[in-house]
Amino acid sequence: MNTAGIRVRFAPSPTGPLHLGGVRTALYNYLFARKFNGSFILRIEDTDQNRFVPGAEEYIIKSLQWCGLEFDEDVLKGGPHAPYRQSERSVIYKEYIQILLDKSHAYIAFDTAAGLEEARNTLSQGHEQFQYGNKTRLLMKNSLSMTADEVSQRIERGDRYVIRVLIPENQTVVFHDLIRGEVKVHTDTLDDKVLFKSDGLPTYHLANVVDDYLMKISHVIRGEEWLPSAPLHLLLYRFFGWEDCMPQFAHLPLILKPDGNGKLSKRDGDRLGFPVFPLEWKDPVSNDISHGYKEDGYLPDAFINMLALLGWNPGTEQEIFTMAELIAAFSLDRINKAGAKFDPSKARWFNHKYIQQKPDEELYNYLSPELIANGIDADREHVLHIIGLIKERVELLSDLWKHSVFFFRAPESYDQQVKQKIWQEGTSFIVEEFAILASKIEPFDKETLHQLIEEFTTARKIKMGQLMNPLRLLAVGSNQGPGMMDIAVLLGKEEFLKRIYRGLKNI
RNA sequence: GGCCCGUUCGUCUAGUCGGUUAGGACGCCAGGUUUUCAUCCUGGAAAUCAGGGGUUCGAUCCCCCUACGGGCUACCA
């Protein structure tokens, strides 16, 4: 493969929040670009004003930023092929659609919505659906079926019209997809797609071909939903005479819902309780809030790692990758053909792994705001210590607080199920005896405490658990947490004993 | 309906020159470590490679058909 001048683009439509699949498409483009020292470009495909959603573009940019996918050219920083928002490039498309018109590869069509509806009703024969194409185009109201005079008259009087591609008859379009190999389609099954809408803006098909050409895109890496229209795009390159510099195509498999079949959608996340969006999204119309990976406590590198392996694999047994490792290992030919069902529990596993690896200092940044929000003013060193003890058991960053709260607050209730299991005749007495001895030790550190516990349990002929479990229940309120001695030491002698006595009274 | 794409453990996948006890990971189960819960360690169950035909001494791997699943089929991307 020629790797000189690699340029790829991520081209979302700002019609709402970017979901998992979109992020993965962006990621694969990014990985591919970085691997070959190419350029990664963001192009906003906002040619449909009806579907414009305020805030969506900002959301997309912020999401990708959070993921660590930085663009070389985009709407904010510009670049040699600005503007990068298609709504700002409308003059360009007008110029190019005219070329197609002049070469008779496109034609003007006046059909109204009602007219098309009628055609769909009357021209569908049996099981065959109406298709605006070689069999029907002469029956419709367009520059092919009308005289030139009639056409110009209609235009002059202000009739609205669209411009359709004129699909050639009886040809086979063949192209090579980098993931799927050779794909062949007969032109008679293609319809005369609208290239230019009556509102003066192009449709995706025209805009993406013109822009990819103008922006010197070398590879188009996009979702499988575009595969059926790829032959049309190839035809457009041919009509423009750009076939020799046409980008190579790679159509990615879809991400499917975890249960059943079909494309993953926002609904599945709500239904099964996992986020499908990188960042939280508040719908500007309904005000509905959708969960985001960030807000739910996922680390961006874990999220990216998980996504990278959903549909691609390195051919080795490595599963944990830094971005640099992903860039080094990535290749398009190791992308799977079949769709991948999304597995939320694997996403959690990745996050768990990443949290375990994270330095305590970094985790501190996530826990500290939560402490402040809960009105806790704790010494940084102290908190760092706690994080070191609990991090191996937290799956989500948002669990950091849940797993450490008892270090900052004495329990208000005691798990009665646990009590039933561990509290025996004489437990209160043992605990009280122990508390008296513990109050005398100095220093109150792990070693000294350990020694005391050894001596105490040996002398009383009891098992360690008979002492430790009740202590834990009184100090923590349940059967959770790191080693009991670590907890006691971190709490400090005074607080520890206070909890013991208070607990004995209230349990 | 038409066109296109796909099909290896429940899930993500390895397997790319046809000969493997079909490997790994998540999840699940069991055991061990531990003062608890987790972590961690060990082990286990789990795929007649969608089905049927070929080609071949031999097919997960090559060819064909069928089934099933998915995508597309807008003046949306």
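**Exercise 1. Determine what share of the 507 residues in chain A is buried.**

Solution. The structure is a predicted model. A residue counts as buried if 20 or more other C-beta atoms lie within 10 Å of its own. By this criterion, buried residues amount to 33% of the 507 residues in chain A.

**Exercise 2. Compare the radius of gyration of chain A with that of a compact globule of 507 residues.**

Solution. Step three: along the principal axes, the C-alpha atoms of chain A fill a box of roughly 110 × 45 × 40 Å.

**Exercise 3. Describe the domains and the secondary structure of chain A.**

Solution. The domain assignment places domain 1 at 7-74 + 211-256 and domain 2 at 90-207. Domain 3 covers 270-355, domain 4 covers 358-404 and domain 5 covers 416-506. The centres of domain 2 and domain 3, taken over C-alpha atoms, are 39 Å apart. Chain A contains 20 helices and 13 strands.

**Exercise 4. Characterise the surface near RNA strand B, and identify the helix that gives the most to it.**

Solution. Around RNA strand B there are 63 residues, of which Ser13, Glu45, Ala338, Asn479 and Gly483 come nearest. Elements giving two or more residues to this surface include helix 4 (113-123), strand 6 (181-186) and helix 11 (344-357). Helix 18 gives the most, with 5 residues. By residue class, the surface comprises 20 nonpolar, 23 polar and 20 charged residues.

Methods
Residues numbered from 1 in each chain as written. Chains lettered and ligands numbered in written order. Predicted model: local features only at pLDDT ≥ 70, side-chain atom pairs only at ≥ 80, totals over all residues. Domains from an automatic or database assignment. Near = placed C-beta within 6 Å. Helix = DSSP H or I, 4+ residues; strand = E, 2+ residues; numbered from the N terminus. Nonpolar A, V, L, I, M, F, W, Y, C, P; charged D, E, K, R; others polar. Rg over C-alpha atoms; globule rule 2.2 N^0.38 Å. Buried ≥ 20, exposed ≤ 12 C-beta atoms within 10 Å, placed from the backbone.
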